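Hello,

My notes follow below it.

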Amino acid sequence: MQEDLTSKNYSNWFFFTMLYLVVDYARPQDLLPILGMIKPGIITITILILFLILRGGILRADSKQTRLITFFIMLLGLFVPLAVNNYMAYISFKTMILFLPFILSVIICVHSIERLRIMIYISVGIMIYVSLYSLVHGGVGSGNYFQDENDLSLFINMWLPFCFYLFLAEKEKVKKIFYAIGVIVGLASVVISFSRGGFVGLIAMVAVLWLFSPRKILSLSLILSLAFFVYLVGGQEYKQEMSTVTDTKEGTAEARILSWETAWDMFLDNPLGVGGRNFEVRFPEYQGDRFLRGMWGRVAHSLWFTLIPETGIIGILIYFMLLYYNIKDIFVIKRVNELRNNSDARYLYYLSLAMLSSFVGFFASATFLSVLYYPHYWYMTAIIVASVNITKRYREVSDMAPVKSDNTLSIVQA
């Protein structure tokens, strides 16, 4: 007897998957010290690992993306005994491997449009919470991935497109209000952060958001209204600060460019990579006379110039292959617009547009931030894989011609 993963509900597994998302991003343990004492992150991820082991989750979540992520983690693991600083290489390896239980759990448990809606709703809710927290805490979050205003802006830029497009997609007033709140508080938090990298990501994301919008006049009107809102919130001081974005001779901008030059020299000398988190260890060897002081422990301030020297040619190929399959699957989801009059198909279609804009916002901001080992991109990959599986199944149920995808639902022996 054969069955696919939709024949199982996995409600408990789904609950703990969503709980882990809340614990990892919203971090209620930071506000309630008593909650922090019981280590909710360790507890929830342990539960997800147990579900994966007991339910054969690794086979059920098989896709090109999960294989590539696994290869990337294995590559980081190979560097551990070879890197100059074994401990730092181990930290990056451990960080990435701990992402896997959540990634696989999302692909397995988010197997219906209803659950996909719930996950996106929770994710936007987390963004709203993080944004509100930052507004009363000087533009930063409670900790972990949001200790820096630039990191916080990058995360907001990833989720703003979901608020915008789902505001257009949803018919219910309550949901429209929810997503409108997300747009307003998210924008306000990016402005309050005074992050220039966040501003670059915001501009790039908004441009793509309008380009792919099927309702361009309405979208342009909303964007112009939001731009006016940004001006009101940021004022003249924000305008002056953002005007320095193109000034490459400005202190931090010049330091970033010099760091990137150092990263490139390191890659040329070590084309197979120096190992995770080892750019900052070996920075002094390659800084030359670019800096007046030793740069040990300083990061590259760029996702790309972290990826290139630390993982080398193999890591670069894996990462860009992962990006290729992600974008390819987003367009598979986007083609469901043939059924756009149906509410579920409409939701999937607008979700695909949000994913495209989200990627642009993420990578535009990440170009100036060392966020290779942050979970945002890896978690979004899981959402894409789950979404394309749902789309494929949805089209089959709708008696339409099946859409070719590189991800197929795993069939296992019951």
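E280 is buried, at a relative accessible area of 9%. The cut-off for buried is under 20%. Keep in mind that this is a predicted model.

E280 sits in helix 15, residues 279-286. The side chain of E280 makes a polar contact of 3.0 Å with the side chain of R277. Beyond its neighbours within four places in sequence, E280 touches M88, M295, W296, G297, R298 and V299.

Next, Y379. This residue belongs to helix 18, residues 376-397. Y379 is buried too, with a relative accessible area of 4%. Its contacts, leaving aside neighbours within four places in sequence, are Y20, D24, Y25, F99, F102 and I103. Take F99: 280 residues separate F99 from Y379 in sequence, yet their C-alpha atoms are 7.8 Å apart.

Then the helix pair. Packed helices are described by the angle and the distance between their axes. For helix 9 (residues 113-135) and helix 17 (residues 343-366), the axes come within 11 Å and cross at roughly 45°. Angles under 35 degrees count as roughly parallel, and 65 to 115 as roughly perpendicular. Helix 9 and helix 17 are therefore oblique to each other. The crossing of helix 9 with helix 17 is left-handed.

Which residues make the contact? Helix 9 supplies I113, L116, R117 and I120. Helix 17 supplies S343, D344, Y347, L348 and L351. By class, the contact has six nonpolar residues, one polar and two charged.

Best wishes

Note on methods: Residues numbered from 1 in each chain as written. Predicted model: local features only at pLDDT ≥ 70, side-chain atom pairs only at ≥ 80, totals over all residues. Heavy atoms only, no water. Axes fitted to C-alpha atoms, helices over the stretch in contact; angles between N-to-C directions. Helix = DSSP H or I, 4+ residues; strand = E, 2+ residues; numbered from the N terminus. Parallel < 35°, antiparallel > 145°, perpendicular 65-115°, else oblique. Left-handed = near helix turned anticlockwise from the far one by under 90°. Contact = heavy atoms within 4.5 Å. Nonpolar A, V, L, I, M, F, W, Y, C, P; charged D, E, K, R; others polar. Buried < 20%, exposed > 50% of the residue type's maximum accessible area, 1.4 Å probe, protein only. Polar contact = N/O pair within 3.5 Å; in protein donor to acceptor, adjacent residues only side chain to side chain.
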